[in-house]
Amino acid sequence: MGALILLTALAPVSWGTTYAVTTEFLPPDRPLFTGLMRALPAGLLLLALARVRPRGAWWWKSAVLGALNIGAFFPLLFLSAYRLPGGMAAVVGSVGPLFVAGLAALLLGERPTVRTLLTAVVAAFGVSLVVLRAAGALDALGVLAALASTASMSTGTVLTKRWGRPDGVGPLALTGWQLTAGGLLIAPLALLVEGAPPALDGPAIGGYLYLALANTALAYWLWFRGIGRLTATQVTFLGPLSPLTAAVVGWAALDQTLTPLQLAGMALAFGATVVGQIGAGRRVAARAATGESFGSAEVRHREDSTDVKVQALRR
């Protein structure tokens, strides 16, 4: 279980590098094109590796999950980041555990405990200490976009847990379906709003390759693989690792400073992440001891043969 949590945590850690890569290597003011380049190439690559297409109800389920986790999430996230000051978008995003706790209670029967709710609040407070800066009035559209992106990803996480995946289909194929569906949803929007793709130089090409392969294909495969084996609460409590990683990368690579207050916030958020894993893990163990199931009956605890193919992405 510990190794699985660590592997799943690599996803939000990778996402924490997105801001640095975007600002340092990619064309400015092209959030939709960047979202498209993250999602569609990664999805097509995973589809080619898995060689499994959706069947039956999984055509519309994949479209719904792709829209929630990718197609709607990416544009809303970028919109909030462009319109909100400092790290406010990250702070709004850090309330994801509270969204998931409510949705998991409704759809998965995972009743949130007082400890879970308190831990989620502490995690959000810790993130706010790390990323918030002095700024002017907040933009209402930016706040709504940030809340909508958080709600979209949270709903996608819970539905992914509830629906599981069809027999004989591994997380590699499921990830490819969602990334492809999300990328196809973003493509016409990017063309309509931002026009033709920009000219790309060497650093931009390298940046997009990193985002598509490591930051998206591999990271989302690890994320959806974790959703299939962990509780929704455990997965979402890994989310604060993303803004914490962004702060560390900014300090290490972009010469940004970390104040004592920010370091205290990092300690709070990281501690809440650990406590969230421990609390949820104990509930899973207790249910297993009593023979009680949780989440979707389709959750698998086996490695799929198609998972082996993704190892090439990790070398």
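Trainee: Is Met153 buried or exposed?
Mentor: Met153 counts as buried, because its relative accessibility is 10%, and buried means under 20%. Please keep in mind that this is a predicted model.

Trainee: Which helix holds Met153?
Mentor: Met153 is found in helix α9.

Trainee: And what is Met153 in contact with, leaving aside its neighbours within four places in sequence?
Mentor: With those neighbours left aside, Met153 is in contact with Trp15, Leu68, Asn69, Phe73, Tyr220 and Trp223.

Trainee: How far apart are the C-alpha atoms of Met153 and Leu65?
Mentor: They are separated by 9.2 Å, although the two residues are 88 residues apart along the chain.

Trainee: Let us turn to the core. How many residues does the largest nonpolar core have?
Mentor: The largest nonpolar core has 40 residues, and those with the most contacts inside it are Trp15, Phe74, Tyr220 and Trp223. Two or more residues each come from α1 (2-15), α3 (31-50), α4 (58-71), α5 (73-83), α9 (140-163), α10 (171-194) and α11 (202-229).

Trainee: Which element gives the largest share?
Mentor: Helix α11 does, with nine residues of this core. Apart from this core lies another one, of eight residues, which include Val130, Val131, Leu244 and Met266.

Trainee: You listed Tyr220 above. What does Tyr220 contact beyond its neighbours within four places in sequence?
Mentor: Beyond those neighbours, Tyr220 is in contact with Trp15, Arg38, Asn69, Ile70, Phe73, Phe74, Met153, Thr175, Leu179 and Asn215. Tyr220 also belongs to one aromatic cluster with Trp15, Phe73, Phe74, Trp223 and Phe224.

Trainee: On aromatics, how many pairs does a search of the whole structure find?
Mentor: The search finds eight aromatic pairs.

Trainee: Are Trp58 and Trp177 buried or exposed?
Mentor: Trp58 and Trp177 are both buried.

Trainee: A change of topic: where does Thr17 lie?
Mentor: Thr17 lies in the loop between α1 and α2 (18-25). Thr17 counts as buried because its relative accessibility is 17%.

Trainee: What does the side chain of Thr17 make a polar contact with?
Mentor: The partner is the side chain of Tyr210, at 2.6 Å. Leaving aside neighbours within four places in sequence, the residues in contact with Thr17 are Tyr210, Asn215, Thr245 and Val249.

Notes: Residues numbered from 1 in each chain as written. Predicted model: local features only at pLDDT ≥ 70, side-chain atom pairs only at ≥ 80, totals over all residues. Heavy atoms only, no water. Core = buried A, V, L, I, M, F, W, Y, C linked by side-chain atoms within 4.5 Å. Buried < 20%, exposed > 50% of the residue type's maximum accessible area, 1.4 Å probe, protein only. Helix = DSSP H or I, 4+ residues; strand = E, 2+ residues; numbered from the N terminus. Contact = heavy atoms within 4.5 Å. Phe/Tyr/Trp six-rings, centres within 6.5 Å; stacked < 30°, edge-to-face > 60°. Polar contact = N/O pair within 3.5 Å; in protein donor to acceptor, adjacent residues only side chain to side chain.
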